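Subject: The structure for you to look at

Hi there,

Here is the structure I promised to pass on. Have a look at it first, and then read on for what turned up.

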Amino acid sequence: MATPHIACEPGDIAPLVLMPGDPKRAERIAKECFSDVKLVSDVRGIGAWTGTFDGVPMTAMASGMGVPSLSIYATELYSQYGVERICRVGTCGGISSNVKVKDVIIAVSAHTNSSVATIDVPGLTIAPAASFDMLRGAVDQARGAGKTVHVGSVYTSDFFYSSRMDIVPALDRIGTLGVEMEAAGLYACAAAHGKEALAVLTVSDHLKDGSADLTAEERETMFADSLQAAVAGLTA
């Protein structure tokens, strides 16, 4: 049964989903890392690729950019396709001075200016957070592999070009590691459907130092460390 944004049968999507933002990155992950890979949906240029990773059935599917886009795909995957776990594997901008470009951030929780933090519980701001078992699996893998990994909160912004750079020092003071545009939406969708989610991010640029920013090509291809941690989170 196809949904408005995914054109395949429920069995075509694996219970475990790797979700980068970029459709090209989803295709690259599937073709380079999966065995017996098959394109099962391609609506609006968002391909869903299903195969196996070390024998485990897995799907790679992009979210597009921002909470609204991700929320569409995550909601349909959780509610209509039997997906149990989604791991966002993407990029972010560094906020903390302890974080360097190319480091990996594993997001425990996501501060946000999106309405996903307030819309379901009027008068209360919820704290969208990762699933513990996925979080522990990803952290254990990354630390065991000797990688530079940071574990803590990120900031999910609805605005890529934001005029509110004045809030960055305060975010830094409360331990926010980086900024991106999807994690809070994913965590909120997982909570709403009783499912699990995690975001594992590669630092592609830094708000305090733009001299070491990754190129567009590097953003697409440099996902090996975060991918290994993401898979460990999915399979934990």
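G51 sits in strand β3. This is a predicted model, and in it G51 is buried, with a relative accessible area of 6%. Leaving out residues up to four places away in sequence, G51 touches F34, S35, D36, V37, V56, P57 and M58. A30 is 21 residues from G51 along the chain, and the C-alpha atoms of the two are separated by 7.3 Å.

How many aromatic pairs does a search of the whole structure find? There are two. In one of them, the ring centres of F34 and F53 are 6.4 Å apart and the planes meet at 85°, so this pair is edge-to-face. F34 belongs to the loop between α1 (23–33) and β2 (35–43), while F53 is in strand β3 (residues 46–53), so the pair ties together parts that are 19 residues apart in sequence. F34 counts as buried because its relative accessibility is 7%, and F53, at 16%, counts as buried too. F160 and Y161 also make an edge-to-face pair, with 4.9 Å from centre to centre and 80° between the planes. Are F160 and Y161 buried or exposed? Both F160 and Y161 are exposed.

The largest nonpolar core has 67 residues, and L18 and L198 touch the most other members. Helix α5 (residues 183–192) gives the most to this core, contributing seven residues. If neighbours within four places in sequence are left aside, the contacts of L198 include I86, C87, R88, I106, A107, A130 and M134. Also in contact with L198 are L135, A138, L186, Y187 and G233. Another core, of five residues, lies apart from the largest one, and I95, Y155, V168 and V179 are among its members.

Finally, the surface. Which residues form a nonpolar patch there? They are V121, L124 and I126, which together have about 220 Å² of accessible area. You will find V121 in the loop between β6 (104–112) and α3 (132–144). Its relative accessibility is 34%, so V121 counts as partly exposed.

Happy browsing, and best wishes

Conventions. Residues are numbered from 1 along each chain as its sequence is written. This is a predicted model: local features need pLDDT of at least 70, side-chain atom pairs count only at pLDDT 80 or more; totals for chains, interfaces and linings use all residues. Side-chain values use heavy atoms; hydrogens and water are left out. A nonpolar core is a set of buried Ala, Val, Leu, Ile, Met, Phe, Trp, Tyr and Cys residues joined through side-chain atoms within 4.5 Å. Buried means under 20% relative accessible area, exposed over 50%, partly exposed in between (1.4 Å probe, protein chains only). Helices (H or I, at least four residues) and strands (E, at least two) are DSSP runs, numbered from the N terminus. Contact means heavy atoms within 4.5 Å. Patches are made of residues with over 30% relative accessible area and no salt bridge: like charges are joined within 9 Å, nonpolar side chains (Val, Leu, Ile, Met, Phe, Trp, Tyr) within 5 Å. Accessible areas come from the Shrake-Rupley method with a 1.4 Å probe; for residues, only the protein chains shown count as cover. A salt bridge is a side-chain nitrogen of Lys or Arg within 4 Å of a carboxyl oxygen of Asp or Glu. Rings of Phe, Tyr and Trp (its six-membered ring) pair if their centres lie within 6.5 Å; planes under 30 degrees apart count as stacked, over 60 as edge-to-face and the rest as tilted.
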